[in-house]
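Here is a short briefing to read alongside the model. Take a look at the structure first, and then let's walk through a few of its features together.

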Amino acid sequence: MRATVMYAAGDVRVEDVPDAAIEQPTDAVVRVTLACICGSDLWPYASMERSENGQSMGHEAIGVVEDVGSQVTTVRKGDVVVMPFAFSDGTCAFCHEGLPTACVHVGFFGTNGMNGAQAEALRIPLADGTLYPLPVGEDDALMPSLLTLSDVMGTGHHAAVVARVAPGKRAAVVGDGAVGLCAVIAARRLGAEQIIIMGRHPDRIALARDFGATDVVSERGEAAVERVRELTGGDGVHSVLECVGHGASIETAIGIARPGGAVGRVGVPQHTEMPGSLPAFYGNITIGGGPAPVRAYLDELLPDVLEGRIDPSRVFDRTVDLDGVPDGYRAMADRESIKVMVTP
Ligand SMILES: [Zn+2]
């Protein structure tokens, strides 16, 4: 079968690899019908050191179950499923508490040697806890929207939950990538009265406005903090949805939070140290977040997609086949495309 392999920064290839197959009795094999390229794939695309064997890429997909191991009971061959970006057993304390990304058996697709979803098929460990069957056919028109439940829509929702977005509150979204745009959807869905999008790409800002952003701040650094304060009566926002992960974006996020407010971080941190310790302390600002438990959010988000109340598929502005994946990485890295969908 064919799959996407990254060998070094900027070196993404589509290659013939051994067919995905059952290795453990708890595995399933999924034939990928739709996948996509993630903003977080751009971090290794910018910085990965050369690797002889490469890393299989991709962690977002919808597909059809092709085969299941002998102990799999909740999905069967032929089921249309969405896969979360992490696998989890569904049975440990953390899975029961709604945090499957902290599962005692967690693993992340397309990293550390795990197979990735930008491929014709992939092996899903712990299929019972991981895969989520969908009540639609594989060619349903809602597939691009459902695909976002693999990661970006669930991740934007997580930022909103951790930042305690609630009716009547003010929120700001730091970052205008696909996760930031989905965070706007999530903030509106949870009832925020004011939603400030912080970004500077005109096409992304326009989409954010369609999704419910009420204000735009395109400044950066101190100027951005001042602008948000102007827009919020001097106080800052109750909820900051941090969807980038750079030191500068976290510093901005803390700078625009209202005293007593909360920052929900979902951008993968690119630095080991977190800035803003003093302002966060003196503002009594809660800082939380991490890898979104998207598997646990499916029950809540799925009906809104199926019934058309939200349409996160609009973050996809380009579609490629597998051969087009390397150019898809380039297009996203060059900010030519917000998010690229892949049809293997
Ligand atoms: Zn678990």
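The structure holds 0 disulfides, a disulfide being a pair of cysteine sulfur atoms within 2.5 Å. Please keep in mind that this is a predicted model, where local features need pLDDT of at least 70, side-chain atom pairs count only at pLDDT 80 or more, and totals for chains, interfaces and linings use all residues. Residues are numbered from 1 along each chain as its sequence is written, and side-chain values use heavy atoms, with hydrogens and water left out.

- Cys36 is in no disulfide, and the nearest cysteine sulfur, in Cys38, is 7.2 Å away.
- With a relative accessible area of 1%, Cys36 is buried (buried means under 20% relative accessible area, exposed over 50%, partly exposed in between, with a 1.4 Å probe and protein chains only).
- For Cys182, the closest cysteine sulfur is that of Cys243, 9.1 Å away and too far for a bond.
- Cys182 is buried too, at 0% relative accessibility.

**The zinc site**
- Asp89 (OD), Cys92 (SG), Cys95 (SG) and Cys103 (SG) coordinate the zinc ion at 2.1 to 2.3 Å (donors are N, O and S atoms within 2.8 Å of the metal, or 3.2 Å for Na, K and Ca; water is not among the atoms, so sites may look incomplete).
- Along the sequence, these donor residues follow the spacing D-x2-C-x2-C-x7-C.
- Both Asp89 and Cys103 are buried.

**Around helix 2**
- Phe94 is found in helix 2 (helices are DSSP runs of H or I with at least four residues, numbered from the N terminus).
- At 36% relative accessibility, Phe94 counts as partly exposed.

Notes:
Helix = DSSP H or I, 4+ residues; strand = E, 2+ residues; numbered from the N terminus.
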